[in-house]
Amino acid sequence: MSDSTNAPSRTAGRALVAALRAHGVERVFCVPGESYLEVLDALYDEKSIELVVTKHEGAAANMAEADGKLTGRPGICMVTRGPGATHASIGVHIAQQDSTPLILFVGQIARGHMGRDAFQEVDYQQMFGGMAKLVMEINDPDRMPELMARAFNTAMAGRPGPVVVSLPEDVLTELSTAPDCAPISLLPPAVSQASSQAIAQALRAAQRPLVIVGGSNWSDEACASLRSFVQAWDLPVACSFRRQDVLDNTNAQYVGHLSLGMNPALKQMAADADVILAIGTRLGDIATDAYTLLDVPKPKQRLIHCHRDARELGRVYQPDIAVQADALVLLQALNGAEAPKAPPAWSGWTAQGRVAFAAFTAVRPANPAINGVDLTQVVLHLAEALPANAIVTNGAGNYAVWLHRFYQYRAPRTELAPTCGAMGYGLPAAIAAALRHKDSPVVCVAGDGCFMMYPQELATAVAYGASLIVLVANNGMYGTIRMHQEREYPGRVSGTSLKGPDYTALARSCGAHAERVTSARDFPAAFARARAAGGVALIELVTDPLQITPDKRLA
Ligand SMILES: Cc1ncc(C[n+]2csc(CCOP(=O)(O)OP(=O)(O)O)c2C)c(N)n1
Ligand SMILES: [Mg+2]
């Protein structure tokens, strides 16, 4: 117990909650556990922090991760030891792969019992060591403020990611007079004039340049700077996997999404480019079509790679120019560089990329072969009916291919989707979004498999007064896996069928408005009714299991 200051004595659990407040936390997602009662008790008095109690720790961790994506500040999740922490591990994995700031607090067994394989004991350093940026166990109540500040700084510094903080139960009730630690503000490194000039010069010498953007840390300001830069230079921009909201898709320079189900013309464009300017993105395996679009380790294209974390530069690809920079600072510097005289040498190339994007995503007539809801028509309707500030969430499954292809993301942080391909993400993410942005329509698009990971959270959404619409694309199977199965083991269906419950009855039992739609013709009216209903609504879309992707039917 510290007596070195005049600060009043308080428990470490109370110091933890004070640190959350000092770091600007407004919302905590949790499932309670007896291991952290002292923190729950401190939250009872802390009126500035809302406690969102979920039904499953996986959902709580997904919500916290989505909140981190939306705010750029660590999302906060609290769970109990052993079973709680193992359930919540999905959120740590998503935050790691998606570069999202997240802090997972785990109530731990008392210090005196450690190492005995006591009830629900887990060594979190071992469990999360390969997944989190940092794993800490706070064993000294006097160090709570210091270690909390470190958790926040680590989650946000460089490439953002997850931090796991283990809280031995007996420490939480010990007294300390250690004072609060004020948060530090991390100022991004400056971009030298030499760096921005080198980039500008390489671009001016290009015939077929391509900008690839991705990663996290895209604030409104950074997205606006990107738009001004690529408009002034007329540079084509591709967004990396599930980062489609970095540039308004209606912008004349937007040429598409480096995704699963990639536009073949975009693939060709990346292959044919002579200079690639990659900003914020890791150039992962999906964005590079399994490391085939660019040669590993030395692409034939001249590669300019900019990332705020130096460890991501040269990790896979050897860039010709590597700049450690935050996207905003870099783009502000590039906006200060001299643009080429209009029209630049590549203006035809940019226009051609845009034409190919428009052709790939164009409105098309309903497909008469489809026996059930045509998802193309559904997503085209969403794109037309929803305003630019609508937030659209999804998890993993082939249904997302329609969404990513035919929806137009028009504003920053309106796409909440796991780049790590975790099923079940969409509904928890939609709840986090609905609580964070009460004025934005929120739509979760899920497959039947994806939805069934956390369907019980519909009741959480209703309990917290969230306003959101869930669209469940029900094809009665784990369609993505069936697609791979039919390719490798044709006609031998094994483990990929799915018998769900009555989705509308399930939703109604949670207090949601619910409808079933069997033809895309009926979708606009059903969607309008769901929006008018307010609160939580679910629309089951009975789709054709044979229509496995927008372009492919199972034989
Ligand atoms: C948590 C998790 N479990 C398993 C998988 C493997 N997986 C990827 S997509 C998929 C099927 C998704 O089914 P559904 O949501 O119904 O979408 P569909 O492909 O049928 O459109 C599965 C099982 C995964 N990505 N994540
Ligand atoms: Mg399915």
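Modeller: Proline 343 sits in the loop between helix H11 (327–335) and helix H12 (347–361). Helices (H or I, at least four residues) and strands (E, at least two) are DSSP runs, numbered from the N terminus. The bond between alanine 342 and proline 343 is a cis peptide, with omega at about -10 degrees. Another cis peptide bond joins valine 296 and proline 297, where omega is about 0 degrees. Proline 297 belongs to the loop between strand E12 (275–279) and strand E13 (302–307).

Some bookkeeping before going further. This is a predicted model, in which local features need pLDDT of at least 70, side-chain atom pairs count only at pLDDT 80 or more, and totals for chains, interfaces and linings use all residues; side-chain values use heavy atoms, with hydrogens and water left out. Residues are numbered from 1 along each chain as its sequence is written, while chains are lettered from A and ligands numbered from 1 in the order in which they are written.

Phi of aspartate 117 is near 55 degrees, a positive value in a residue other than glycine. Glutamine 120 lies in the loop between E5 and H5 and has a positive phi of about 65 degrees, although it is not a glycine. For accessibility, buried means under 20% relative accessible area, exposed over 50%, and partly exposed in between (1.4 Å probe, protein chains only). Aspartate 117 counts as exposed because its relative accessibility is 67%; glutamine 120, at 22%, counts as partly exposed.

Next, the ligand site. Ligand 1 has 16 residues around it, and Asp448, Gly449, Cys450, Gly479 and Thr480 come nearest; a residue is near a molecule or strand if one of its heavy atoms lies within 4 Å of it. By class, this shell has seven nonpolar, eight polar and one charged residues. In that count, Ala, Val, Leu, Ile, Met, Phe, Trp, Tyr, Cys and Pro are nonpolar, Asp, Glu, Lys and Arg are charged, and the others, Gly among them, are polar.

Polar contacts are pairs of N or O atoms within 3.5 Å; within protein, one must be able to donate a hydrogen and the other to accept it, and residues adjacent in sequence count only if both atoms are side-chain atoms. Aspartate 448 places a polar side-chain atom 2.6 Å from an oxygen atom of ligand 1. For asparagine 475, a polar side-chain atom lies 3.0 Å from an oxygen atom of ligand 1. Methionine 477 contributes a backbone N or O atom, 3.0 Å from an oxygen atom of ligand 1. On its own, ligand 1 has 590 Å² of accessible area, of which the protein covers 77%; such areas come from the Shrake-Rupley method with a 1.4 Å probe, and for residues only the protein chains shown count as cover. Two elements give two or more residues to the shell around ligand 1: helix H16 (448–451) and helix H18 (479–488).

Asp448 (OD), Asn475 (OD1) and Met477 (O) coordinate the magnesium ion (ligand 2), at 2.1 to 2.2 Å. Donors are N, O and S atoms within 2.8 Å of the metal (3.2 Å for Na, K and Ca); water is not among the atoms, so sites may look incomplete. The sequence spacing of these donor residues is D-x26-N-x1-M. Asparagine 475 counts as partly exposed because its relative accessibility is 22%, whereas methionine 477, at 4%, is buried.

Finally, the charged pairs. There are 27 salt bridges in the structure, each a side-chain nitrogen of Lys or Arg within 4 Å of a carboxyl oxygen of Asp or Glu. One of them joins the side chains of arginine 81 and glutamate 34 (3.2 Å, N to O). This pair links distant parts of the chain, 47 residues apart: arginine 81 in the loop between strand E4 (75–79) and helix H4 (82–98), and glutamate 34 in the loop between strand E2 (27–30) and helix H2 (37–45). Arginine 81 is buried at 6% relative accessible area, while glutamate 34 is partly exposed at 42%.

Glutamate 65 and lysine 69 form a salt bridge at 2.9 Å, N to O. They are separated by about one helical turn because they stand four residues apart in helix H3 (residues 57–71). Glutamate 65 is buried at 0% relative accessibility, and lysine 69 is buried at 13%.
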